[in-house]
Amino acid sequence: MKSWAVTQAGQALEEIEIPSPSAPIGTEVVLDVSHCGVCHSDVHFWEGFLNVGDKKIPLEAIGMHTPYTLGHEIVGKVAAIGPDVKDMKIGDIRLVYPWIGCGECSDCAREDDNLCSSMQSLGMRATGGFARQVSVPHQKYLVDIGDLDPALAATYACSGLTVYSAIQKLMPLAKDDPVVLIGAGGLGLNAISVLKAQGHENIVVLDVSEQNRQSAIDMGASAVADNSKEDILDTLPKIANGSIKSIIDMVNSADTASLAFNALAKGGKLVQVGLFGGTLTIPLSLMPSRVISIIGNLVGNPQELRDLITLARSGKISPIPISCKPRSAVSDALSDLRDGKVKGRIVLDSALSD
Ligand SMILES: [Zn+2]
Ligand SMILES: [Zn+2]
């Protein structure tokens with residue numbers, strides 16, 4: 001089958017022939033990819049390394065060798081099903097949960113695939129959505145999107161799922177308890193939208209960019225502030241109208257993590273999502289005396305994706321801007337994303353001619 005593959009890191013993707021998925025056995029499902037979002041992580045994978053802030057890890061070190069097929073925000077049409085697949089037929093449209101685990105460890109047994117230490121994620125170690133077809137080992141990785149726009153639904157598998165899972169880690173929360181979001185880029189704006197969909201009314205957004213702060217207000221943030229201001233620690237509880245017990249750091253640099261830690265009131269939780277990287281030095285006695293939790297978050301599990309899609313199908317989540325492009329535009333899409341020229345998401349649509 002055809003794949004727009006990375007044949008050489010950082011160079012234009014090439015349309016090459018790769019092996020098609022074999023006929024599904026057991027619970028396997030093969031889908032024809034109809035839509036695939038182009039994500040910031042694809043840019044890193046295209047460039048050939050994972051940026052962990054202080055250092056860059058080559059992709060070979062995590063088992064990705066050229067040629068590889070990126071793309072993890074996938075909606076497709078069911079093309080073939082294994083004999084043990086139930087209540088699904090050829091032609092059904094499904095969103096793919098791409099963060100698939102090894103299927104053998106205790107985390108995978110609990111359907112916490114995103115905690116598995118041998119993930120076989122689509123668009124990383126396994127063929128992703130920049131190819132004509134993808135294969136998943138079990139139908140539990142497929143979510144019915146109903147009447148949702150498939151191009152929009154595709155994006156929920158990554159940034160939408162990430163913020164949804166991060167928000168669940170702050171629960172339980174009263175609707176007027178302040179939630180502080182650091183960073184009003186794509187993830188931050190998604191987080192505002194999901195919080196509002198879940199009934200939250202006190203969402204405070206910090207960003208150093210005035211334009212991003214305005215976007216946060218437009219998306220429905222209750223208050224915004226510039227986190228580069230020297231007095232931000234003193235003013236934040238007033239801006240938030242309460243003590244700060246819930247923070248999601250979508251940047252997660254040395255500066256933002258330190259600000260977040262110092263801003264937390266007793267009993268506070270900090271969920272770290274961003275991959276900017278750096279180092280945080282913590283006065284250890286403050287952890288027990290202030291009963292603080294610092295929690296890392298990597299995407300989310302299949303149940304969280306199902307719950308997010310249920311919320312989206314109820315019509316409560318404001319959509320992010322989407323522009324659909326043919327698959328042949330994938331290299332330009334990656335370059336534009338790298339250069340910060342994309343508002344919202346570019347989604348490759350197989351119905352548009354290559
Ligand atoms: Zn992604
Ligand atoms: Zn596993």
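User: What makes a residue count as buried in this chain?

Analyst: A residue is buried if 20 or more other C-beta atoms lie within 10 Å of its own, exposed if 12 or fewer, and partly exposed in between, with C-beta atoms placed from the backbone. By that rule, buried residues make up 44% of the 354 residues in the chain. One thing to keep in mind: this is a predicted model, where local features need pLDDT of at least 70, side-chain atom pairs count only at pLDDT 80 or more, and totals for chains, interfaces and linings use all residues. Residues are numbered from 1 along each chain as its sequence is written.

User: How do you know whether the chain's radius of gyration agrees with that of a compact globule?

Analyst: The radius is taken over C-alpha atoms, and the globule rule is 2.2 Å times the number of residues to the power 0.38. For 354 residues a compact globule would come near 20 Å, and the chain has 20 Å, so the two agree.

User: Why are the buried residues of helix 10 said to line one face?

Analyst: Helices are DSSP runs of H or I with at least four residues, strands runs of E with at least two, numbered from the N terminus. Helix 10 spans residues 330–338, and its buried residues are Val330, Ala333 and Leu334. Seen down the helix axis, these fall within an arc of 100°, so they line one face; the arc is that of the directions from the axis to the C-beta atoms.

User: What follows helix 10?

Analyst: Gly340 does, and its phi is positive, near 70°.

User: Which domains is the chain divided into?

Analyst: Domain 1 is 2–158 + 300–349 and domain 2 is 170–296, with bounds from an automatic or database domain assignment. Their C-alpha centres lie 29 Å apart.

Methods
Chains are lettered from A and ligands numbered from 1 in the order in which they are written.
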